[in-house]
Protein chains: 2
Amino acid sequence: MDKHCRIGKSSLRFPDGPRIIAHSSLAGKKEGEGPLGPLFDRIYEDATLGEDSWEKAESTLQQEAAKLALKKAGLSSEQIRYLFGGDLLGQIIATSFGVEELNIPVFGLYGACSVCGEALSLAAMTVAAGYAERAMAVTSSHFASAEKQFRFPLGYGNQRPLSATWTVTGAGAFIVAPKGGAVKISGITTGKVVDFGVKDSMNMGACMAPAACDTICQHLKDFGRQPKDYDRIFTGDLGLVGQKILIKLLRDEGIDLASVHDDCGIEMFDSDTQDTHAGGSGAGCSAAVLSALILPKLQRGDWKRVLFVPTGALLSTVSFNEGQSVPGIAHGLVLEHCEEET
Amino acid sequence: MDKHCRIGKSSLRFPDGPRIIAHSSLAGKKEGEGPLGPLFDRIYEDATLGEDSWEKAESTLQQEAAKLALKKAGLSSEQIRYLFGGDLLGQIIATSFGVEELNIPVFGLYGACSVCGEALSLAAMTVAAGYAERAMAVTSSHFASAEKQFRFPLGYGNQRPLSATWTVTGAGAFIVAPKGGAVKISGITTGKVVDFGVKDSMNMGACMAPAACDTICQHLKDFGRQPKDYDRIFTGDLGLVGQKILIKLLRDEGIDLASVHDDCGIEMFDSDTQDTHAGGSGAGCSAAVLSALILPKLQRGDWKRVLFVPTGALLSTVSFNEGQSVPGIAHGLVLEHCEEET
């Protein structure tokens, strides 16, 4: 890989972009009842997935996503050289216990809900450099394990403000390889920690919008592009509140995103009927929407080029309870339709 | 980078290995009173570092480590293209808040105490592929934030079994670049999640030893080497209990490690006088020992080749309290003395 893949300040270009050769999307019951329901590979009516804890349920979700992607690609786990995985839980236990059985060398990641972008970026970097014949990215979230981790016991039945998002029960797995598949990752823009001092953990859209703005601005600058060079620009899980802030922030920078912007969290649920307030969120939200909605459209050539920007809110209950702000981070990937070569 | 850098099942070889051009080691008071005290760049007598919470203290530690490495290299943070960082806390808040001010595109990592190896592996991969003119790896741990996160309130004064380790208050930062500096990273071996079903979180050496064994075996096989090809093989924080298990496990595989094995956790404290039982541990332990002890010896040529294998125990209080086992992971790096070129 020559140095010319470096572009601008924070981006890499992969002219001969690594391909996403297989992918899977798993979702919970509520997600299955949403507008994307018919598009998911698998919907679990039972949120426990037969396990005796929410965390084990999430691990199983992640493992099943990985296995399904392998099955679709006709590969065994031994044929994957490196796995990049993450989730929202403390010490990423959903991933550790989820990928254990796969027996693949693993890089554990934490980037809150942006981790799907982080994992795919590193998988693309690894494959483009020739470090792996195949790499896998897998991320998950689970409504119940996340509520338990970050908010209130489910039985408490707390009121949720309208700015709150609903953590998606879902997972996505992606196999990246040098050839095969009709979608290539032609570039990435890696995000910084962006902190506007917002302290409201029930309004994560507001916490993350500045990071999404920073990464999108940097991306367009690094690549010398404008929003119209993309069929769609998808953020991860800003939701309805964060979307408004993002569009406003970008307008202040002279960038009009409104006509091409979508958000995985907004796509996931019907906010009018599903009581999900600002939208869906979680490390499994952007992953499942990427696999179920975005990649098929790129594969068919309905869209030629999409900027996919998962967003994350960097907080723990400890940092939040100690009065710290909630900084955000966002990682961008350029996904392009291409001729399938084998 | 041609594909021949792939070697064996889990390893990469960097023939023209990226260099560690600058590094820093910060430590707390107790660590400063140990055998390595005179070697640390900086020792903090005040464990709070002037902050009002242990977590903020750890963030400051990580930020100071990064700044000191930059200062030693004569670089500004803008000259670092990517940062790979991690710590032990849920949602890696020490890293998120620690690196925020540096304004560098960041990949957040979680690999428990192995994260120094994970961060350096990804930094080396990134630089060797030409993705960055410079990358930084930074990791930390703090005794008080870790006790609060994983065990008991400090004021409770619980008894600790002799198999327990003492979480190191410390941090290390490393700047990796294509040229400059007398130590190169000539290869890596990435670990898998290895689970022997051990459930004793007060005996993390026993939890991690099987992972260290797995990574060291795989490494020697991938590279076609024997322990005698290394001046020293350093594990991260197995401590006195884990060391015995590792040597026994490797002997069962026909590998005699005893004569070349060291452990960063054992080196960190004087277990006879410092009441640290099995030794030191934590994401800052292997990082600080690497910077203070191992790299200077390699720089001077006292050692020509070292295998550095940080080890991590993958648990959270949630997984532990739900009766899950404590799997381990270990990431190996080959560090070699080389002629300094500029």
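Visitor: How many salt bridges are there over all chains?

Guide: The count comes to 28 salt bridges over all chains. A salt bridge here is a side-chain nitrogen of Lys or Arg within 4 Å of a carboxyl oxygen of Asp or Glu. This is a predicted model, where local features need pLDDT of at least 70, side-chain atom pairs count only at pLDDT 80 or more, and totals for chains, interfaces and linings use all residues. Side-chain values use heavy atoms, with hydrogens and water left out.

Visitor: Which residue forms a salt bridge with Arg42(A)?

Guide: That's Glu64(A), with the closest N and O atoms 3.1 Å apart. Arg42(A) sits in strand 4 (residues 42-44) of chain A and Glu64(A) in helix 2 (residues 54-73) of chain A, so the pair ties together parts 22 residues apart in sequence. Helices (H or I, at least four residues) and strands (E, at least two) are DSSP runs, numbered from the N terminus.

Visitor: And Lys148(B), which side chain does it meet in a salt bridge?

Guide: Glu55(B), at 3.1 Å from N to O. Lys148(B) belongs to helix 5 (residues 143-150) of chain B and Glu55(B) to helix 2 (residues 54-73) of chain B, 93 residues apart.

Visitor: Is Glu55(B) buried or exposed?

Guide: Buried, with a relative accessible area of 4%. Buried means under 20% relative accessible area, exposed over 50%, partly exposed in between (1.4 Å probe, protein chains only). Lys148(B), at 41%, counts as partly exposed.

Visitor: Which residues are linked with Glu322(B) in a network of salt bridges?

Guide: Glu55(A) and Lys148(A) are linked with Glu322(B) in that network.

Key: Residues numbered from 1 in each chain as written. Chains lettered and ligands numbered in written order.
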